[in-house]
Amino acid sequence: MPLRWEILHPQKLIHVIAEGEVTLKEMEAHFDALVVANALAYSKLFDATRVKPVYDDADVMAMGARLSAYTDHFPSGPLAVVGREESVVLAFKRFVNISPSKRPAALFSTEKKARAWLAKQTMSEE
C-alpha cells in the first residue's frame with residue numbers, strides 16, 4: 001500500500017507515510033478514511049520523501065471536487081508535507097491551489113521542522 005497512516009486521536013494528529021507511486025484512488029481512500037474516523041480537522045504530517053505522485057490534470061480536478069465536498073461539511077486541520085523532490089513540490093502546490101480549505105499548509109525539508117511548525121499551529125488554535 002503506497003499510503004500508510006496512523007490517526008493519533010489523543011494528539012489530534014494524522015501521520016501519513018507515502019512510498020512509491022500514489023494515485024488518485026489511494027488519495028481518495030485516505031481522505032475517506034479520515035472522514036470516517038472524524039479526523040479531518042486534525043493536524044496532518046505527510047511524509048512524502050519516498051513518494052512518486054501519479055495523476056493527471058483530470059485527477060487533480062476530481063480531487064478538487066472531493067475536497068470541496070469535504071470542506072463544505074468538515075473543518076480541515078493544518079497540513080505539513082515533508083519532501084524535497086520537484087514532483088513533491090509541484091504536487092503540494094497543486095494540492096494547495098485546488099483545496100478550498102483555508103487551513104495553513106507548508107512544505108518542509110525535514111520531519112523535525114514540520115513537527116515544530118505543526119506544534120505552533122496547534123498552540124495558536126487553543
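In this predicted model, the largest nonpolar core comprises 23 residues, of which Leu3, Phe31, Phe46 and Val81 touch the most other members. Two or more residues of this core are given by each of strand E2 (13–22), H1, E3, H2, E4 and H3. Apart from its neighbours within four places in sequence, Leu3 contacts Val16, Ile17, Ala18, Val22, Glu26, Met27, His30 and Phe46.

Helix H3 spans residues 86–98. At 1.5 Å a residue, its 13 residues should span 18 Å, and the end C-alpha atoms of H3 are 18 Å apart, in agreement with that expectation. Val88, Ala91, Phe92 and Phe95 are the buried residues of H3. These residues lie on the same side of H3, because the arc they cover around the axis is only 105 degrees. Glu86 and Asn97, on the other side of H3, are exposed. The cover over the buried residues of H3 includes helix H1 (24–36), strand E3 (43–53), helix H2 (57–73), strand E4 (79–82) and strand E5 (105–108).

Two cavities of 30 Å³ or more are present in the structure. The largest cavity holds about 420 Å³ of space. Its lining consists of 24 residues, and Met27, Phe46, Tyr55, Ala91 and Phe95 are the closest to its centre. At least two lining residues of the largest cavity come from each of E2, H1, E3, H2, E4 and H3. H3 supplies the largest share of this lining, six residues.

Definitions and conventions
Residues numbered from 1 in each chain as written. Predicted model: local features only at pLDDT ≥ 70, side-chain atom pairs only at ≥ 80, totals over all residues. Heavy atoms only, no water. Helix = DSSP H or I, 4+ residues; strand = E, 2+ residues; numbered from the N terminus. Expected span 1.5 Å × (residues − 1). Buried < 20%, exposed > 50% of the residue type's maximum accessible area, 1.4 Å probe, protein only. Arc of directions from axis to C-beta. Contact = heavy atoms within 4.5 Å. Core = buried A, V, L, I, M, F, W, Y, C linked by side-chain atoms within 4.5 Å. 1 Å grid on protein atoms, 1.4 Å probe; cavity = no way out; pocket = protein on both sides within 12 Å on 5 of 7 lines; lining within 4 Å. Points joined across faces, edges and corners; volume = space filled by probe spheres on them.
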